[in-house]
Amino acid sequence: MEARAVRPRDLRIELHADASRWTPGPDTLAAFAFGGDSRPGDDPRLIDTGLRTGDGRRAVESWLAPGPVTISADGEIRYAAHEDFLFGRLEIEERAGGIPEAAEAAYRQVRQFQERQPQRHLLRIWNFLDAINEGEGDRERYRQFCVGRSRGFSDFPVSRLPAATAVGRHHATGWLQVCWLAGKRPGKPVENPRQEHAYAYPRQYGPSPPAFARAMRLESGALIGSGTSSIVGHASRHDGDLAAQVEETLANLRELRRAGGGARVTSAKVYLRQGVDDGGVAGRIRAGLPGLTDLLLLKADICRRELLVEIECIWN
């Protein structure tokens with residue numbers, strides 16, 4: 001598939017489904033690498049997610065600034081910056097304190113770093129962690145991650161929460177990886193009328209609710225969605241039924257687009273739970289999102305163990 005660009009006025013996102021010859025350019029803010037041979041090299045903008053693609057090929061999602069970027073570091077944080085945008089990454093090793101301590105440390109560092117930057121407004125965050133569903137009840141690793149994130153975010157206003165995704169690798173690395181997009185100008189958080197605000201989930205989902213908005217609308221008009229699944233209100237729907245979960249997720253995405261004023265959906269990343277056959281997922285998604293140009297299928301575990309699929313979309 002040839003790469004096609006999402007073209008807001010001031011930011012571009014490209015999906016390269018076959019990235020065997022892809023290399024970063026001077027305007028590359030960051031690039032998520034997927035597939036067994038991600039070859040991140042020495043360029044800090046290349047983020048090896050540890051996730052595999054549905055077809056086994058190497059793929060890249062690149063985020064491009066309006067002009068050349070500057071690459072730098074601040075302690076453990078590595079980042080690339082343009083006058084209007086910044087893309088940062090931070091890897092925290094899990095040690096004795098486990099995932100909650102790692103998440104707290106990561107989010108505290110992100111907040112402190114962002115407060116010093118001209119591109120200070122958080123727009124979008126991605127979290128990649130090992131064994132996201134391991135553990136029972138409140139000891140589940142995703143719930144413990146949410147505890148740590150809440151502590152690290154502390155009194156961060158819910159009205160400014162960024163869009164986000166948290167997915168699990170199938171193999172152990174011992175590291176929590178947090179990546180984020182920030183801007184000189186704030187975006188507008190968008191919520192989905194079909195779903196409860198994630199930050200207001202009831203206690204049954206863990207000691208600390210997830211801290212993210214359902215989407216973020218940029219000043220340019222582009223709408224960047226969070227990871228979206230088969231959840232209505234706060235409850236998961238269609239346990240074990242992949243086809244029904246895909247349809248419910250598509251309904252959520254259509255409602256999110258209406259709420260955020262998004263125009264045409266231009267790209268989508270699909271996280272399909274490890275070990276689940278795709279069952280024609282790509283075809284169903286293309287049929288349910290008319291106008292979709294780029295689609296990338298990835299293998300990852302989802303934040304709730306009954307969920308089989310999660311989709312991220314960008315509208316422009």
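Axes, in what follows, are lines fitted to C-alpha atoms, for helices over the stretch in contact, and angles run from 0 to 180 degrees between N-to-C directions. The structure on display is a predicted model. Two packed helices are described by the angle between their axes and the distance between the axes.

**First stop: helices α3 and α4**

Select residues 242–260, which form helix α3, together with residues 281–288, which form helix α4. The axes of these two helices cross at roughly 30° and come within 10 Å. Because angles under 35 degrees count as roughly parallel, α3 is roughly parallel to α4. The crossing of α3 and α4 is right-handed.

Now display the side chains at the contact.

**Second stop: helices α1 and α2**

Next select α1 (98–114) and α2 (141–153). The axes of α1 and α2 lie 7 Å apart, and the helices pack at an angle of about 35°. Here, the crossing of α1 and α2 is right-handed.

To view the contact, show I99, P100, A103, E104, Y107, R108 and R111 on α1. On α2, the partners to show are R141, Q144, F145, G148, R149, R151, G152 and F153. The contact of α1 with α2 contains six nonpolar, three polar and six charged residues.

Select Y142, Y201, I231, C303 and R304, the lining residues that lie nearest the centre of the largest pocket. The volume of this largest pocket is about 400 Å³, and 27 residues line it.

Which element gives the most to the lining of the largest pocket? Helix α2 does, with four residues. Strand β11 (163–169) and α2 each supply at least two residues of that lining. By class, the lining of the largest pocket has ten nonpolar, eight polar and nine charged residues.

Finally, select R120, H121, L122, F156 and R160, which lie nearest the centre of the second largest pocket. About 230 Å³ of space lies in this pocket, and its lining is made up of 14 residues.

Two elements to highlight here are α1 (98–114) and β10 (121–130), which give two or more residues to the lining of the second largest pocket. Strand β10 gives the most, with three residues. The lining of the second largest pocket divides into six nonpolar, four polar and four charged residues.

Methods. Residues are numbered from 1 along each chain as its sequence is written. This is a predicted model: local features need pLDDT of at least 70, side-chain atom pairs count only at pLDDT 80 or more; totals for chains, interfaces and linings use all residues. Side-chain values use heavy atoms; hydrogens and water are left out. Angles under 35 degrees count as roughly parallel, over 145 as roughly antiparallel, 65 to 115 as roughly perpendicular and the rest as oblique. A crossing is left-handed if the near helix is turned anticlockwise from the far one by less than a right angle, and right-handed if clockwise. On a 1 Å grid over the protein atoms alone, a cavity is a set of points where a 1.4 Å probe fits but cannot get out, and a pocket is an open set with protein on both sides within 12 Å along at least five of seven lines; lining residues have an atom within 4 Å of a point. Grid points are joined across faces, edges and corners, and a volume is the space filled by probe spheres set on the points. Ala, Val, Leu, Ile, Met, Phe, Trp, Tyr, Cys and Pro count as nonpolar, Asp, Glu, Lys and Arg as charged, and the others, Gly among them, as polar. Contact means heavy atoms within 4.5 Å.
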